[in-house]
Amino acid sequence: MMNKFTPIIILSLASFLANSATITIRSDEWFPMNAAPGATPAGYMIDFANEIFGAAGHQIEYKTMPWERAVNQVRDGKFDCVIGAYTDDAPDFIFPKESWGTDVSSFYVKADDNWRFNGDDSLKGKKIGIISGYSYGDKMDALIKANPSTYKAATGNDALEKNFKKLNAGRLDIVIESQAVGAAKVSEMGLSANIVSGGEDGNPTPLFIACSPSKASSQEYIDIVEKGTKQLRESGKLQQILSVYGLIDWK
């Protein structure tokens, strides 16, 4: 005989399943923000996404692809969100008010090179490695556009590794990359004695999770992010996650 409470349980489960969603997130690998899918640690932005969307009854599906393709396919509505975005990367996307950290560009050079960044003029005559589809801020983006032969754009999920290999081999003079990301990659490649930062450019820029302008669900997901980020900070979980990566809260 069926228990009289069974229909209620079934209805509650059906309601939960109906309201749950799998949120598709795409980006290129950009540690410590996000590592390769399945890696441990996953990257603090993937940790944030799992915590926040999990608490709201959702789950995430995260995969990597070249950044330019990730932005274009999320823009077209094939996937829900990108992570690690500047507002300049995709100004038409739906962004939360609260960032997921900050970033500042660093100019990486060979350790035996005494060049140091001293304003835009100090970049003249240099072969500079960048990544296709990335925004480096309004000022640097304008310089790149005005001097296409100076800036060499690498593509693919291993674009940063390609750039550092070229720098180490003397085929590039400078590689522009996030200070945190560049330092992590140089260490991973065993090149800490060979490649160093030659200075930083400007003030830290906010980084975000940003969702597709083509999907009606995007505003709901961003609302969840805004509420969830606040709750993570208030509970102390946000700093607990950041501590795994040697980072501190940016606020």
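Predicted model: local features only at pLDDT ≥ 70, side-chain atom pairs only at ≥ 80, totals over all residues.
Five strands come together in an open sheet, and reading across it gives the order β6-β5-β7-β4-β8, with mixed pairing. At the edges sit β6 (151-154) and β8 (195-206), each of which pairs on one side only. Going from one strand to the next, the twist averages 30°. Zooming in on one pair, β5 (residues 128-131) and β6 run parallel and are joined by 4 bridges. Ile131, for instance, has Ala154 in β6 as its bridge partner.

Next come the helices that pack on this sheet. Helix α4 (residues 138-146) touches β4 (102-110), β5, β6, β7 (174-178) and β8. The direction of α4 makes about 100° with that of β6. Helix α6 also packs on the sheet, where it touches β4, β7 and β8. Its direction makes about 115° with that of β7.

Helix α6 (residues 179-188) has a helix partner too: it packs with α5 (residues 159-168) at an angle of about 70°, and the two axes are 11 Å apart. Angles of 65 to 115 degrees count as roughly perpendicular, so α5 is roughly perpendicular to α6. The crossing of these two helices is right-handed. On the α5 side, the contact is made by Leu160, Glu161 and Phe164, while α6 brings in Val181, Gly182, Lys185 and Val186. Sorted by class, the residues in this contact of α5 with α6 are 4 nonpolar, 1 polar and 2 charged.

Technical notes. Residues numbered from 1 in each chain as written. Heavy atoms only, no water. Axes fitted to C-alpha atoms, helices over the stretch in contact; angles between N-to-C directions. Parallel < 35°, antiparallel > 145°, perpendicular 65-115°, else oblique. Left-handed = near helix turned anticlockwise from the far one by under 90°. Contact = heavy atoms within 4.5 Å. Nonpolar A, V, L, I, M, F, W, Y, C, P; charged D, E, K, R; others polar. Pairing = 2+ DSSP bridges.
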